[in-house]
Amino acid sequence: MKADKVWMDGKMVDWDKAQVHICTHALHYGSGVFEGIRAYETEKGTAVFRLKEHIERLYNSAKILKMGIPYPKEEFKQAVKNTIKENNLKSCYIRPLVYRGFEQLGVNPFKCPVNCAIAVWEWGAYLGEEAVKKGIRTKVSSYARSYINSTSQKAKICANYINSIFAKMEAIEAGVDEAILLDTNGYVTEGSAENIFWVRDGAIYTTPTATVLEGITRDSIIKIAQDMGYQVQEKYICRDELYISDEVFFTGTAAEVTPIREIDNYQIGEGKRGPITEKIQEKYFAIVKGKDAKYSDWLDYI
Ligand code: PPE
C-alpha cells in the first residue's frame, strides 16, 4: 500500500513523510473520525462515488465527537479530488481522517488541535476477487456490537473499530472470512465493516440503522433494489433468520456487494452467490463505473 502524496492540513506531503507525533491524542485514545470512499474509472474519467454523502457523514461524525473541521465542506471535497489527481490514480480508495492531534495527553481532548488528512491508494476487492463471485464464509461473533449507550454508531469514530477488530480477529482465527455482530439484545447488526442484507421469498431485508453505521452503500442498494422492483424492508432479526434466508450479502464502500455463502457452518441458499444478489451486484458495478445514466447524480468527476 503506497501512493505519492497525502493531503495533510491543507498541504500535499510525500507519502513517506506523512507522519504524526507519537503523543497524538487519537493514537492513544482513538479520538478521530474517518471516511471510506471509492473513486472508479469511467468512460468520462475518474469519478468519486457519492462524495457529497460521504463528506456530509464525515462532518456529522466530527460534530458528534465535538470536533470542528476548519474547512467548508466544498473545500474538503475539492481536497479529495485534488489528492486523487496529484496521485494520478484512475481508481482508488479514499481515506479522509479528522483527528485530535498533539498538544497534551490525558483523556480530555479539548486542548488538542483538530487535524485533517486525506490518503488515497489503490485497493482491490476488500475480501478478495473470489469473494465477489463466490461469496464468503462468516460466523456470528462472540463479541456484541458496542452497546448503543457506550459509543455512537452514527459516527464513524476510530475507537469504534476496536469492536470490529476483535470480531475480525476471532473470525480469521476461526478460519472464516468475516464476522457478523449481534447487538447486546441478540439482534443482528452488521459485519465488522459492512452492512448486511438478506433475501426471503423474493423480498429484500436489512437492519434498521439505530444500532449500525448508516452505510452509504446500504442506502444506494436500497434505492437500486427498489428501482429494480424489489420490496425492501428494515427488520430486526435474530441470527436464525439469516440461517434460513435464501440469500445473504454484505454491502460497504470497501466490500462493495459481497455475497455470503455460509454462516456458522450453515449453508446459505445454494451455498453460492444468489441470483438476486448477482443482479444487484451487476447493477451496482455498472452504476459506480458510470454505465447507468439514471444514477449519474451519484458520480462526482474529478
Ligand atoms: N458498517 C461499518 C461498521 C463500516 O465500517 C462500514 C464501512 C459500513 C457499515 C458500510 O458503510 P458504507 O461504506 O458507507 O457503505 N467500512 C469502511 C471501512 C473498512 C475498513 O476496513 O477500513 C469502508 O467500507 O470503507
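A polar side-chain atom of Tyr126 lies 2.5 Å from an oxygen atom of the ligand, which is a polar contact in the sense of a pair of N or O atoms within 3.5 Å. This is a predicted model, in which local features need pLDDT of at least 70 and side-chain atom pairs count only at pLDDT 80 or more, while totals for chains, interfaces and linings use all residues. Residues are numbered from 1 along each chain as its sequence is written, and side-chain values use heavy atoms, with hydrogens and water left out.

**Further contacts and burial**
- An N or O atom in the side chain of Tyr161 is 2.4 Å from an oxygen atom of the ligand, and a polar backbone atom of Ile216 is 2.7 Å from a ligand oxygen atom.
- The protein buries 93% of the 550 Å² that the ligand exposes when taken alone, with areas from the Shrake-Rupley method and a 1.4 Å probe.

**The surrounding shell**
- The ligand is surrounded by 21 residues, each with a heavy atom within 4 Å of it, and the closest are Tyr93, Tyr126, Tyr161, Glu190 and Thr217.
- By class, this shell has seven nonpolar, eight polar and six charged residues, where Tyr counts as nonpolar and Gly as polar.
- Domain 1 (5–121) and domain 2 (129–288) each give at least three residues to the shell, the bounds coming from an automatic or database domain assignment.

Note on methods. Polar contact = N/O pair within 3.5 Å; in protein donor to acceptor, adjacent residues only side chain to side chain.
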